[in-house]
Amino acid sequence: MSTTVSQIDEVKTSPWSGGRSPFNVEYGKIMMWFFLLSDAFTFSSLLIAYGSLRFSASVWPGADKVFQSVPGLVDHGAPLVFVGLMTFILIASSVTMVLAVEAGHRNAKKEVVGWMIATVIGGFMFLGCQALEWGHLHHEGFWWGSVPPAEELKKLFTGGTEAVQHMTSQEFANLFFTITGFHGFHVFTGVIINIIITVNVLMGTYEKRGSYLMVEKVGLYWHFVDLVWVFVFTFFYLV
Amino acid sequence: MSAESHEIHHDGDHETMSRKRIWQVAGILTVITCIEFFIALVCVPKGILPIQYANPVYIVLTLLKAFYIVAYFMHLKFEKMGLILSIAIPVIFIIGLILVLTNESHHWVDLR
């Protein structure tokens, strides 16, 4: 009997031949990636709906005129300052998150805890800012299904009849509260998940497990929230 | 499970995010955001850059930021090519929806 096996009986060793993880990534992390992909579709649908409604409108309330207050400090004439602060808070909390992941690679429990707490604080600061921003707009008269009176609206537009101004302001208000609300809800759940993971780190769950992979998985979610804000920021505040 | 995940870690160890790299990427993101603010607060109001030219610049800068977040912070650049492609290719559907709805919105103008 020959000791050589025919080609068809040979044990295949390529990444997709079974018996190993072809992506070289743990199952939960792959699932987090695909969840985020589906979430990206949801957010894109909302933002593209906003874009197409805005494209089809002849006039639209100017972002630099709607958002020009720093709640508690300046009421007028400071366009983009407050949302700039919110953007930097979220980028900073993304950085602290990635630093927590990096500390996890070195199994440095104390550092992971420190950076995770910093991330949670950043998340709460962002949510607080968003609450102030919503409160300010609501105070001005914007809400789902309601806009400020016509003489106030006039200041936000260059051109357009009163009826058109009313219609597009209403579209703007509905889209703004829906999209930033959906994003804010993601930030809120992200903060809750981050707190749970921080508690687990403190209790030594991942130390016993030998890997801080869970920190990486919530990190992916948290970066995704930051990623969505980058787009919301551009399309609501800059364009 | 723990042995398996340990092995996975070990494989990617040599090409991961060092602290220096993290601060570099954070710096890049901050600088890009500052450029966006500079355009929005200085260039557009003073008429240096008309808004219809500023908008494409904003979008390019946004996509650049998105690349840095996904590739470095979310670590996708260092994963296996198969995973990169299975996340990147479905984005075609988003581009498709953008093309369909922006085209459609040109017809809505007449309906309003």
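1. UniProt positions are given here in the numbering used for this structure, with shortened feature names, and its annotations may be inferred rather than shown by experiment. With that caution, the unreviewed UniProt entry for chain B places "transmembrane region" at residues 22-44, 56-75 and 81-102, and the unreviewed entry for chain A places the feature "transmembrane region" at residues 30-50, 80-101, 113-134, 185-206 and 218-238.

2. This is a predicted model, in which local features need pLDDT of at least 70 and side-chain atom pairs count only at pLDDT 80 or more, while totals for chains, interfaces and linings use all residues. Residues are numbered from 1 along each chain as its sequence is written, and chains are lettered from A and ligands numbered from 1 in the order in which they are written.

3. On confidence, the model scores ipTM 0.89 and pTM 0.90. The pLDDT, which is the predictor's confidence in each residue on a scale from 0 to 100, has a mean of 86 in chain B, where 87% of the residues reach 70 or more. Residues 1-14 of chain B call for care, since their pLDDT stays under 50; for this stretch the model has 14 contacts beyond four places in sequence, a contact being a pair of residues whose C-beta atoms, placed from the backbone, lie within 7 Å.

4. Chain B has five helices and zero strands, and along its sequence the pattern reads α-α-α-α-α; helices (H or I, at least four residues) and strands (E, at least two) are DSSP runs, numbered from the N terminus. Of the 112 residues in chain B, 13% are buried, where a residue is buried if 20 or more other C-beta atoms lie within 10 Å of its own, exposed if 12 or fewer, and partly exposed in between, with C-beta atoms placed from the backbone.

5. Where the chains meet, 45 residues of chain B are in contact with 38 residues of chain A. On the chain B side, two or more residues come from each of α1 (2-12), α2 (19-43), α3 (51-73), α4 (81-88) and α5 (91-111). By class, that side has 25 nonpolar, 12 polar and eight charged residues, with Ala, Val, Leu, Ile, Met, Phe, Trp, Tyr, Cys and Pro counted as nonpolar, Asp, Glu, Lys and Arg as charged, and the others, Gly among them, as polar.

6. In chain A, the annotated span 80-101 is 95% helix and 0% strand, and its end C-alpha atoms lie 32 Å apart. Helix α3 of chain A, at residues 81-105, has 25 residues and reaches 37 Å from its first C-alpha to its last, close to the 36 Å expected at 1.5 Å a residue; the expected span is 1.5 Å times one less than the number of residues. Because 21 of its 25 residues are buried, α3(A) is largely enclosed by the rest of the structure.

7. R106(A), in the loop between α3 and α4 (109-140) of chain A, is exposed, with 10 other C-beta atoms within 10 Å.

8. Beyond its neighbours within four places in sequence, V112(A) is in contact with A100(A), A103(A), G104(A), V201(A), Y212(A) and V215(A).

Conventions: Two residues are in contact if their C-beta atoms, placed from the backbone, lie within 7 Å.
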